[in-house]
Amino acid sequence: MAEVTLENVTKIYPGDVKAVDNVSLAIQDREFIVLVGPSGCGKSTTLRMIAGLEDITGGTIQIGDRIVNGVAPKDRDIAMVFQNYALYPHMTVYKNMAFGLLLRRKHAFWDNFIWALFNPPAHRKAVAERQDIDERVQSAAHVLGIQELLKRRPKALSGGQRQRVAVGRAIVRQPKAYLFDEPLSNLDAKLRVEMRAELKRIHRTVNTTTVYVTHDQEEAMTLGDRVVVMKDGIIHQCASPFEVYDRPVNRFVASFVGTPPMNFLNGRLDGDGAGLVFVAGGSRLSVGPAHQEALAPWAGKPLTIGIRPEVLSVPNGNAKPGRALRLQVGVVEPLGDRMDVYGSAADGTQMICRVSSRDTIEEGAQVDMQVDMDRVHFFETDGDGRAVGLG
Ligand code: ADP
């Protein structure tokens, strides 16, 4: 168990490709941290630098109390699980899990009974090492619920079972930290959700620092104690899943986290006698009390409002002025208990609303959707789309 600390870490590949740009991150002991972002954002490179599989161009990486920049991967005391499980096809599950440990044994030479006659103490040590490995494999198999599979070969296992064995191989090492590189992307959607819950349970049991890479924001949100949202080699936000969802620091994070994604509508902030009003798409939305003070400096300026689909609701004959966003309803998608309503605002901006399937809404109608103005976000329209008015 250990902290993993990255300080000003940069990676430039040949051809001047800056994959990771001055990243600093302090991962706490036993923490489950997820690096997430679109393809090419530098998350795998970051993980591979922690593992030692990729040289660092600048900065330092520390595992526990040791700077590991020049330390070979095998000496970093970490275990990595990849997307392709890389199990040995000719070995049983037991052997696959024990193999790494068997290779590292100091006294393997004295295993043999004949040799034991020449050096009984070394033989006893060899037997103890073998017992320790057996205990570790049995214990990992128990944690993973694969005891009955130990004698099978990989080809006789399902995708989920193979993934478990790959995780088991990492667990038996009892490393300082686990590194996972998109370990669930080869599984079908249902199995992925199951394995996600399983990985969370396993982390609670083994309680070891874990760094996990995925491009799937839902996986990141469900697994991470903290989520690190990356783009273009830069960390945009590192916070709890709740905070990343509820207080995104910029428009990129706001749009990347959450499905369906957040709606953005460009407009302007006006002051009227009763306070600030956001004017956009032919509608006037009264800024909620939570935002009034913090947004005062933006009065009269262009801003972008961010509205999550679930923050819009059908008026059901009870439309309130100052909360109504007029939409021309396009397609309505039923999803069982909910419906996704696609509509366009007066300026043509496309919006998605997630409403209850008990609501009545007609395709082609014009509806004053109600906006919960205490739950909206505001961003600078220009530049990086920095969140404003967070208070
Ligand atoms: P992610 O895991 O977020 O998809 P990567 O860390 O794999 O992203 O890649 C980050 C950037 O570095 C991308 O632009 C990618 O094309 C580039 N890159 C990755 N590996 C290499 C390499 N071996 N040589 C040159 N460029 C690379």
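Asp16 sits in the loop between strand 1 (4–13) and strand 2. Helices (H or I, at least four residues) and strands (E, at least two) are DSSP runs, numbered from the N terminus. This is a predicted model: local features need pLDDT of at least 70, side-chain atom pairs count only at pLDDT 80 or more, and totals for chains, interfaces and linings use all residues. Residues are numbered from 1 along each chain as its sequence is written, and side-chain values use heavy atoms, with hydrogens and water left out.

The phi of Asp16 is near 60°, a positive value in a residue other than glycine. Most residues other than glycine have a negative phi, and most peptide bonds are trans. A cis peptide bond joins Thr259 and Pro260, with omega about -15°. Pro260 lies in the loop between helix 9 (251–256) and strand 11 (263–272).

Now turn to the ligand. Around it stand Tyr13, Val17, Ala19, Pro38, Ser39, Gly40, Cys41, Gly42, Lys43, Ser44 and Thr45.

For Gly42, a polar backbone atom is 3.0 Å from a ligand oxygen. Thr45 uses a polar side-chain atom, 2.5 Å from an oxygen of the ligand. Taken alone, the ligand exposes 560 Å², and the protein buries 59% of that. These areas come from the Shrake-Rupley method with a 1.4 Å probe. Strand 2 (17–27) and helix 1 (43–51) are the elements that give two or more residues to the shell. Helix 1 gives the most, with three residues.

Elsewhere, two helices pack together. The axes of helix 2 (residues 93–103) and helix 5 (residues 159–172) come within 8 Å and cross at roughly 35°. Axes are lines fitted to C-alpha atoms, for helices over the stretch in contact, and angles run from 0 to 180 degrees between N-to-C directions. Val93, Asn96, Met97 and Leu101 of helix 2 meet Val165, Gly168, Arg169 and Val172 of helix 5. Contact means heavy atoms within 4.5 Å. The contact residues divide into five nonpolar, two polar and one charged.

Technical notes:
Near = heavy atom within 4 Å. Polar contact = N/O pair within 3.5 Å; in protein donor to acceptor, adjacent residues only side chain to side chain. Nonpolar A, V, L, I, M, F, W, Y, C, P; charged D, E, K, R; others polar.
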